[in-house]
Amino acid sequence: MAGTFQFELVSPERLLLSAVVTQAIIPGSEGEFGIGAGHAPFLSTMRPGVIKASSEDGTTYEYFVRGGFADVSASGMTVLAEEAIPMSEIEADYLAQQIKNAEEDVADAKNDIEKQRASLFLSQLQEVEAAIRTA
């Protein structure tokens, strides 16, 4: 199948998705990036956001991830997510709790580095919340 590659999304609990896709959009730590068939191998960390993968038949898979790693190789792409939930299952209460937890982490930070990391994570969650509200 020209123009396709194997995509797998794995969380600590289970394999969430194993599909042949034409493209994937990933929320990388340095910004969102896209992968297509034949992409050069690389490894990236991820920030909280939404992974989107599309198959040849037009099916789109969307998952909220809380972070992790994306590994692109000659055999395809594997995403190792810290936490991953299908977008169809995301509830406003869940995201609100994640934001509340992140706000507490900012308040409880013991030094400037911890506070900066917690603040970045909080702003990323708030971006996801805003994106979901407008979707």
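1. Ser55 counts as buried, at 9% relative accessibility. Buried means under 20% relative accessible area, exposed over 50%, and partly exposed in between (1.4 Å probe, protein chains only). Ser55 sits in the loop between E6 and strand E7 (60–65). Helices (H or I, at least four residues) and strands (E, at least two) are DSSP runs, numbered from the N terminus. Ser55 touches Val20, Val21, Thr22 and Tyr61, not counting residues up to four places away in sequence. Contact means heavy atoms within 4.5 Å.

2. On the basis of the model: it is predicted, so local features need pLDDT of at least 70 and side-chain atom pairs count only at pLDDT 80 or more, while totals for chains, interfaces and linings use all residues. Residues are numbered from 1 along each chain as its sequence is written, and side-chain values use heavy atoms, with hydrogens and water left out.

3. Thr4 lies in the segment before strand E1 (5–10). Thr4 also counts as buried, at 14% relative accessibility. Leaving aside neighbours within four places in sequence, Thr4 is in contact with Val20, Val21, Thr22, Ala37 and Glu56.

4. Helix H1 covers residues 92–108, 17 residues in all. From first C-alpha to last, H1 reaches 24 Å, close to the 24 Å expected at 1.5 Å a residue. The expected span is 1.5 Å times one less than the number of residues. Leu95, Gln98, Ile99, Ala102 and Val106 are buried in H1. They lie on the same side of H1, because they cover an arc of only 95 degrees around the axis. That arc is taken from the directions from the helix axis to the C-beta atoms. The face turned away from the buried side carries the exposed residues Asp93, Ala107 and Asp108.

5. Gln124 belongs to helix H2 (residues 112–134). Gln124 is buried, with a relative accessible area of 10%.

6. The largest pocket holds about 280 Å³ of space. A pocket is an open set of points on a 1 Å grid over the protein atoms alone, where a 1.4 Å probe fits, with protein on both sides within 12 Å along at least five of seven lines; lining residues have an atom within 4 Å of a point. Its lining has 15 residues, with Gly49, Val50, Lys52, Ala131 and Ile132 nearest the centre. Strand E6 (49–54) and H2 each supply at least two lining residues. The largest share, five residues, comes from H2.

7. Glu32 is exposed, with a relative accessible area of 56%. Glu32 is in strand E4 (residues 31–36). Not counting residues up to four places away in sequence, Glu32 touches Ile25, Ile26, Pro27 and Arg47. Glu32 and Glu127 are 95 residues apart in sequence and 13 Å apart in space, C-alpha to C-alpha.

8. Leu80 is partly exposed, at 44% relative accessible area. Leu80 is found in strand E9 (residues 76–81). The C-alpha atoms of Leu80 and Val10, 70 residues apart along the chain, are separated by 5.0 Å. Leaving aside neighbours within four places in sequence, Leu80 is in contact with Val10, Met46, Gly67, Gly68 and Phe69.

Key:
Grid points are joined across faces, edges and corners, and a volume is the space filled by probe spheres set on the points.
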